[in-house]
Structure formats: C-alpha cells, structure tokens
Amino acid sequence: NAARAGGADGRDVQVQAQVFRGPTPLINTPPLQVPTAADRARLPFWSELSLAQLPPGRYVLQVTATDRTSDRTAVERIAFAVE
C-alpha cells in the first residue's frame, strides 16, 4: 500500500532489519531503498543477514518498512533461535 507521488512510479520505500537479543539490538542494517518494479501492486524485496557472529540463543528479527511519501511505517517481528 505504498503511496505514489509524481513520476512514473513515484514510490519511495525503505526497509531496515534489526536483530535483537532481549531489548538490545545486535545487528542493524542501514535503511535500504526498495527498487520499483513492473508489478505496481507489489514491491518485491530481499536481503541477507549474516548470523555467524551470534552465539547460541533466542533472538528477534524486526523488519521495518517506511513509506517516505506518506510517512507511514510497518513493522514485523519474528522470534528465532541460533543453535
């Protein structure tokens, strides 16, 4: 549901990922620009995070998408474990 501002597509969305252990963020990616796509109903995006430096334990991955045109943000969180 990214807003469209002038131009051919006009969507301006950034995604940031963070990995938390408790309240402490251990991994922070810089905000990454989501490229525009031919499919105007979706904005496909993927990225990779290295978890090699994390010791065994339980963590939370948080992904934040920010629509900079409408100044709206969506946040998703999922728990995972490193063994």
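1. Helices (H or I, at least four residues) and strands (E, at least two) are taken here as DSSP runs, numbered from the N terminus. On that basis the elements of the protein chain follow the order β-β-β-β-β from the N terminus on, that is, five strands and zero helices.

2. A word on the basis of these notes: this is a predicted model, in which local features need pLDDT of at least 70 and side-chain atom pairs count only at pLDDT 80 or more, while totals for chains, interfaces and linings use all residues. Residues are numbered from 1 along each chain as its sequence is written, and side-chain values use heavy atoms, with hydrogens and water left out.

3. Of the 83 residues in the protein chain, 23% are buried, where buried means under 20% relative accessible area, exposed over 50%, and partly exposed in between (1.4 Å probe, protein chains only). The chain exposes about 5,700 Å², and carbon and sulfur atoms supply 54% of that area, as computed by the Shrake-Rupley method with a 1.4 Å probe, only the protein chains shown counting as cover for residues. Where contacts (heavy atoms within 4.5 Å) are concerned, 50% of those between residues at least 6 apart in sequence join residues at least 24 apart.

4. Strand 1 deserves attention, because seven of its nine residues are buried and it is therefore largely enclosed by the rest of the structure. Two strands are said to pair if DSSP finds at least two bridges between them, and strand 1 pairs with strand 4 in the antiparallel sense over eight bridges, with valine 13 standing opposite aspartate 67 in strand 4. Strand 1 also runs antiparallel to strand 3 (residues 32-33), to which two bridges join it, and there glutamine 14 has glutamine 33 as its bridge partner.

5. Strand 2 (residues 24-28) is likewise antiparallel to strand 1, the two being joined by four bridges; phenylalanine 20 stands opposite proline 25 in strand 2. These two strands form a hairpin with two residues between them, and glycine 22 in the turn has a positive phi of about 65 degrees.

6. Which residues does glutamine 18 touch, leaving aside those up to four places away in sequence? They are Pro25, Ile27, Asn28, Val60, Leu61 and Gln62. Glutamine 18 lies in strand 1 (residues 13-21) and is buried, with a relative accessible area of 15%. Its side chain makes a polar contact of 2.6 Å with that of asparagine 28, a polar contact being a pair of N or O atoms within 3.5 Å, of which, within protein, one must be able to donate a hydrogen and the other to accept it, and residues adjacent in sequence count only if both atoms are side-chain atoms.

7. Rings of Phe, Tyr and Trp (its six-membered ring) pair if their centres lie within 6.5 Å, with planes under 30 degrees apart counted as stacked, over 60 as edge-to-face and the rest as tilted. By this rule there is one aromatic pair: the rings of tyrosine 59 and phenylalanine 80 have centres 5.7 Å apart and planes at 25 degrees, so the pair is stacked. The pair links distant parts of the chain, with tyrosine 59 in strand 4 and phenylalanine 80 in strand 5, 21 residues apart. Tyrosine 59 is buried, with a relative accessible area of 1%.

8. Aspartate 71, in the loop between strand 4 (57-67) and strand 5 (72-82), has a positive phi of about 60 degrees although it is not a glycine. Aspartate 71 is exposed, at a relative accessible area of 65%.
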